[in-house]
Amino acid sequence: QRLHAILGYGENFLVDTHAWLTLVHPEDTARYNRAVSEHLKGLTPHFYCEYRVRAKSGEYRWIASRGIAVRDARGVATLMAGSVTDITERKLHEERMRYLAHHDQLTGLPNRLLLADRLPQALTRAQRQQSRAAVLFVDLDRFKNINDSLGHNQGDRLLQSVARRLQECLRQSDTIVRQGGDEFIVILEDLQLPEQAGQIGAKLLETLASPYREDGYDFFLTASIGIALY
């Protein structure tokens, strides 16, 4: 009954093992099956798994299932006795905390912590695929003058506009990070020629140089870019 209430199905809703697995999120099926199998084989003292299940509404709810196999005289499991708990809110909170830990709150871009994870991955892929990767360090010129003359609120709005422009210039496979202040770092992957990094850098400079219209002011920004190739 508790499971029915969590998922929104009627009390007469019954599913066999195969049908139940069709409700488990495809990304969680292998982990769920492994947890069940290990317990039925006696490798774990009890069964426990956190996974997503499709509710009647079509959305997925996070479920924590715990239980223990009931075995016959030969030690063969005949059924699983246990309980389920809806942990959706906790999972959403954890996901939000992970996002905040890895993203800049002002621009929404990845931060240095996420950069430390993505850069080694990019270099590993480049080595494996025998392709090139590049790191671009983007520094806005004399941006401190805006903060000093018009205040940090105006400067923050400009930084948000800069972040959007940089994102629009890049491919989905590229990574852009706010390093801090008025500094950004871009990771470019799958470059066939080293000249491509310079071409993308020039495109970024051109995009950033277009006038910004904020609160009745016209702003003209320039930037400097350093490029390292792998």
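S161 is a buried residue, with a relative accessibility of 8% (buried means under 20% relative accessible area, exposed over 50% and partly exposed in between, with a 1.4 Å probe and protein chains only). S161 sits in helix α7; helices (H or I, at least four residues) and strands (E, at least two) are DSSP runs, numbered from the N terminus. Setting aside residues up to four places away in sequence, S161 touches Y212 and E214, where contact means heavy atoms within 4.5 Å.

A word on what you are looking at: this is a predicted model, in which local features need pLDDT of at least 70 and side-chain atom pairs count only at pLDDT 80 or more, while totals for chains, interfaces and linings use all residues. Residues are numbered from 1 along each chain as its sequence is written, and side-chain values use heavy atoms, leaving out hydrogens and water.

In soluble globular proteins, nonpolar side chains tend to be buried together.

Now turn to D28, in the loop between α2 (17-23) and α3 (29-40). D28 is buried, because its relative accessible area is 2%. The D28 side chain makes a polar contact with the side chain of R52 at 2.8 Å (a pair of N or O atoms within 3.5 Å; within protein, one must be able to donate a hydrogen and the other to accept it, and residues adjacent in sequence count only if both atoms are side-chain atoms). Neighbours within four places in sequence aside, D28 is in contact with Y51, R52 and W62.

Our last stop is Q179, in strand β5 (residues 175-180). Q179 and L115 are 64 residues apart in sequence, yet 8.9 Å apart in space, C-alpha to C-alpha. Not counting residues up to four places away in sequence, Q179 touches R112, F137, F184 and I185.
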